[in-house]
Amino acid sequence: VKLHEGETAEYDEKPSKKSPYTQCRKVGNPVRGRTQGRRRSCTTTKLEELEHRKRAQRYALLGPAVMFGTRKTWDLGHTPCLQELWNKDLSLDASSVDFLISDGEEESSFLTLPNPVLQRRRLTSDLSDPALSDQQLLIQALQEKVCEFQARLRSEDATDRRLLLRLHTPQVNQTDTSQEHPLTNQEILEQDSQLSQAGFTTSVKRLSAGSQRLQDYPDIAAERKGHAQPRHKEVYQLALITGLQTQIEELEKKLVDRTQEVERLRSELGATDLEKQLELLESENQRLRQELKSSSIHEPAHTCSTSTCPHSQEAAALREALSLCEERCKEYERHMAELERQLGERTGAVDELHVRLEEAGQSRDKLQEQLIHTEEILRRHSAAAPSQAMYASKAAEAESSQWKQALMEAQARNQALQEQLGVQRQLLRELEQKLHDSQRTSSELRQQILAYEGEMERTRSQLEAEVQSLEAEKNRVIEEAFVRAESEMKAVHQNLAGVRMNLLTLQPALRTLTCDYNCLKRQVLDFPYMLQNAIAEAKQEICHMIAEVSNTNQELLRKYKREMNLRKKCHNELVRLKGNIRVLCRVRPICQEEAEAEGKSVVSFDSDDDAVLYLSNKGKLMAFDMDKVFPPQATQAEVFQEVQSLVTSCMDGYNVCIFAYGQTGSGKTYTMEGIPENPGINQRALRLLFSEVSEKMPDWHYTITVSMVEIYNETLRNLLGDNPSEKLDIKMCPDGSGQLYVPGLTEFTVESVEDINKVFELGHMNRATACTNLNEHSSRSHALLIVNVAGFNSSTGHRTSGKLNLVDLAGSERISKSGAEGSRLREAQCINKSLSALGDVINALRSRHSHVPFRNSRLTYLLQDSLSGESKTLMLVQVSPLDSNIIESVCSLKFAQRVRTVELGTASSSRRHAENSSTSSSPTHDSVELDSPPITPVLLPISRASSVGSSLSSISRISSTRRRSQSQQAPGVRV
Ligand SMILES: Nc1ncnc2c1ncn2[C@@H]1O[C@H](COP(=O)(O)OP(=O)(O)OP(=O)(O)O)[C@@H](O)[C@H]1O
């Protein structure tokens with residue numbers, strides 16, 4: 001501070017309007033060629049200046065602001081020249097550097113330039129002046145800003161400039177060879193170096209060059225020399241402007257870069273590719289269109305030629321496909337046009353961006369021009385007055401802020417444009433993708449079109465070949481037809497000649513025929529009237545005859561009904577006469593194993609009488625008389641035909657009982673149930689009932705219900721119930737009707753054969769579940785199928801109720817023979833007891849006992865209503881033809897014959913014999929005397945023979961006679 005003050009004092013002691021630089025020059029000039037005294041004083045001054053410069057060098061190291069004020073050329077302040085220098089900055093050569101150093105002045109004068117540090121100190125001292133303090137503060141602020149702005153710009157050029165300076169240093173040294181100031185040059189170089197390092201070298205050089213220009217205007221220079229300090233301010237302002245220019249340049253560069261980048265991106269984004277693709281697609285579309293046109297041109301002719309061809313349908317299909325392809329092509333063309341339009345829009349947007357960029361460039365140029373203009377104004381104003389300079393600098397600062405704002409806006413615009421560019425790029429990518437898709441689709445379509453074309457070509461060739469062949473065929477046929485026509489024409493001509501000849505001869509005949517025709521015509525005209533009369537007469541006759549026939553029919557129907565009633569009465573009378581119990585015998589065939597084992601049948605038949613059965617027992621022939629005997633070859637149908645009249649009786653309200661009796665294995669179950677492929681009486685009876693029911697419709701309505709029970713060891717089981725093991729009981733109806741019923745017995749209403757099959761299946765299944773061995777179990781139990789038939793005549797209101805009991809009895813067995821014990825013995829005892837009870841009941845019934853022992857067994861108790869009253873009973877005795885079973889066969893046959901004989905006896909004698917034989921009529925085989933010969937009259941307790949006093953032969957004869965008379969009556973009697 002002392003030094004500054006001292007220096008300031010020094011300058012204050014020499015108040016002058018000239019700048020220190022001018023002062024120095026004026027002081028320095030006499031040094032070279034004037035008086036010694038003056039040289040001495042000048043030497044002293046130089047020494048002081050050197051001292052100052054040393055100090056300034058030290059201060060120059062403090063920072064760029066200090067260094068900035070150390071060069072003498074900073075007071076030039078010619079803005080245009082500065083601009084020129086700026087523009088020519090890179091073209092500085094050795095001469096300019098030389099000029100920079102020597103600038104046409106003496107080395108001493110250069111060296112005696114006032115120290116900028118002193119000048120700065122002068123400025124600092126000026127701060128004490130209140131009038132200039134604001135201005136100086138503003139200038140200092142501007143200086144700092146300029147320093148900041150220029151620091152970046154100058155750092156790039158610093159190295160180059162320094163190198164240039166060093167290259168020209170020898171010249172400078174040569175120029176400044178003054179012996180008096182050997183260290184001054186070195187110091188200057190050091191200063192330059194330091195300035196270069198600080199980035200101000202360029203500005204200094206420019207300013208040095210400007211000083212040269214300043215010398216071209218001596219008056220202005222002189223004036224400015226007198227205002228050293230204001231010039232420094234101008235320099236600062238210029239530096240500020242320079243900094244702003246630098247920024248503008250940078251922004252310009254950025255703009256240029258962005259523009260180039262936009263261009264590059266445009267090229268990279270494939271605008272040209274898109275255009276190429278568009279061109280390709282357009283050319284492809286053009287080609288396809290031409291192909292389609294050509295194909296459509298060829299198509300009609302082809303169609304016409306092949307309209308009658310069998311391939312026309314195929315061709316039509318191909319044409320259809322082709323039209324579809326055309327439509328698709330059109331659609332893709334439209335799509336392409338849309339894409340082109342979008343591309344045009346994108347191109348327009350890019351052009352618009354270009355325009356905006358150009359506008360930005362123009363605005364930038366305008367800003368530059370404004371800047372130049374402002375600089376000029378500033379320069380002028382700075383030259384005019386410091387206050388104006390300050391104002392100008394303020395304005396420049398304000399403008400610079402505006403420029404900054406403008407630049408920021410430009411940057412923002414640029415950013416927005418870049419974003420738009422990104423969007424456009426994305427859109428272009430999408431369009432590119434769409435174009436790829438379109439290309440792919442068009443290629444596929446092209447392939448399809450090619451395929452169709454190939455197909456059409458093939459079809460066309462085929463059609464052409466066919467057309468050719470057809471034409472050849474046509475020509476051949478035409479030729480043949482022509483030849484044939486010619487020959488026919490010849491024949492026709494010949495015929496025509498003959499016909500002409502005939503015509504001449506036929507004319508008289510024609511006249512005759514015409515007469516005949518006229519006669520016939522008259523007759524034809526009269527014919528409708530005649531026909532009408534004849535029809536009316538015929539109608540009358542027909543009506544008369546129909547009435548007669550109708551009357552006859554009525555009479556016949558009445559007679560038929562009367563006869564039917566008579567027949568029914570006769571049938572019932574016949575049954576009554578025959579007895580309500582009929583006995584049939586069936587001999588089962590010998591199976592293969594039995595034939596192989598024994599192969600001997602002891603049964604024989606009378607060929608003249610089918611009611612007699614012979615048994616050969618130990619060489620003696622035993623004859624048994626039955627109502628009918630079925631030999632082994634008798635079929636199920638034949639057996640059923642014999643019993644069907646009884647079955648239909650239940651529809652008239654009778655109770656019917658059909659039971660099969662015989663030893664085990666004699667064929668009882670086969671006869672009653674049969675086998676699935678050849679059903680027995682049970683199923684056939686129900687089928688017959690169904691057919692009768694349908695026949696009697698609609699006068700009669702019948703309801704058929706079915707129950708199935710089993711009697712095993714005197715226990716009643718419900719075979720159609722949910723629990724077949726449950727024991728049932730037989731009870732008397734509480735209504736006092738005397739009817740029996742079984743509480744809990746299941747009844748099924750059946751209406752079809754399917755229902756019957758289901759019922760039988762269920763009963764069979766329940767019977768099987770109740771035992772371990774069904775066959776054995778079935779042999780030891782009685783199976784009953786109970787069918788109730790209830791009828792109602794809707795016209796007469798008459799009701800009927802009948803019951804059909806179909807019984808498969810357990811097999812009779814000789815206990816003494818089988819030697820059964822335990823449970824088997826009990827089973828046999830139960831079976832024998834029930835069979836004995838059955839025999840007793842039958843005997844009592846046929847003997848018309850007042851008491852019939854129905855309750856002696858479950859079986860007879862259950863069959864009570866079917867065995868008593870008006871009920872009808874049929875016993876089927878099953879016999880085995882084997883010799884090993886002859887005893888059982890004899891017992892069974894004897895039992896059957898007793899039953900039948902009792903029935904045929906007189907009532908009184910029957911009753912008597914029945915009473916006498918009530919115990920002996922039991923069918924148990926143990927009662928048969930096997931050792932004694934089975935003489936029939938003896939064994940028959942109350943035989944028909946005893947009543948009529950005849951032998952076996954007489955019995956057979958009588959039986960045969962009855963059978964024959966019965967069979968003679970049968971056609972009219974049987975229902
Ligand atoms: N008329 C016939 N034609 C052909 N085979 C028969 C005939 N009668 C019986 N059979 C056969 O003889 C065998 C015994 O018959 P089935 O079982 O009907 O005797 P069963 O008297 O019912 O015996 P069980 O008292 O033990 O029940 C069976 O195999 C059966 O098919």
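In this predicted model, a polar side-chain atom of Arg-586 sits 3.4 Å from a nitrogen atom of the ligand, a polar contact in the sense of a pair of N or O atoms within 3.5 Å. Two further pairs involve oxygen atoms of the ligand: a polar side-chain atom of Thr-669 lies at 2.6 Å from one, and a backbone N or O atom of Gly-667 lies 3.1 Å from one. The ligand has 610 Å² of accessible area on its own, and the protein covers 71% of that area (Shrake-Rupley method, 1.4 Å probe).

Turning to the chain as a whole, DSSP runs give 31 helices and 17 strands (helices are H or I with at least four residues, strands E with at least two). Of the 975 residues, 45% are buried, meaning under 20% relative accessible area with a 1.4 Å probe and protein chains only. Among contacts (heavy atoms within 4.5 Å) with a separation of 6 or more, 77% join residues 24 or more positions apart.

Residues are numbered from 1 along each chain as its sequence is written, and side-chain values use heavy atoms, leaving out hydrogens and water. As the model is predicted, local features need pLDDT of at least 70 and side-chain atom pairs count only at pLDDT 80 or more, while totals for chains, interfaces and linings use all residues.

Notes. A polar contact is a pair of N or O atoms within 3.5 Å; within protein, one must be able to donate a hydrogen and the other to accept it, and residues adjacent in sequence count only if both atoms are side-chain atoms. Buried means under 20% relative accessible area, exposed over 50%, partly exposed in between (1.4 Å probe, protein chains only).
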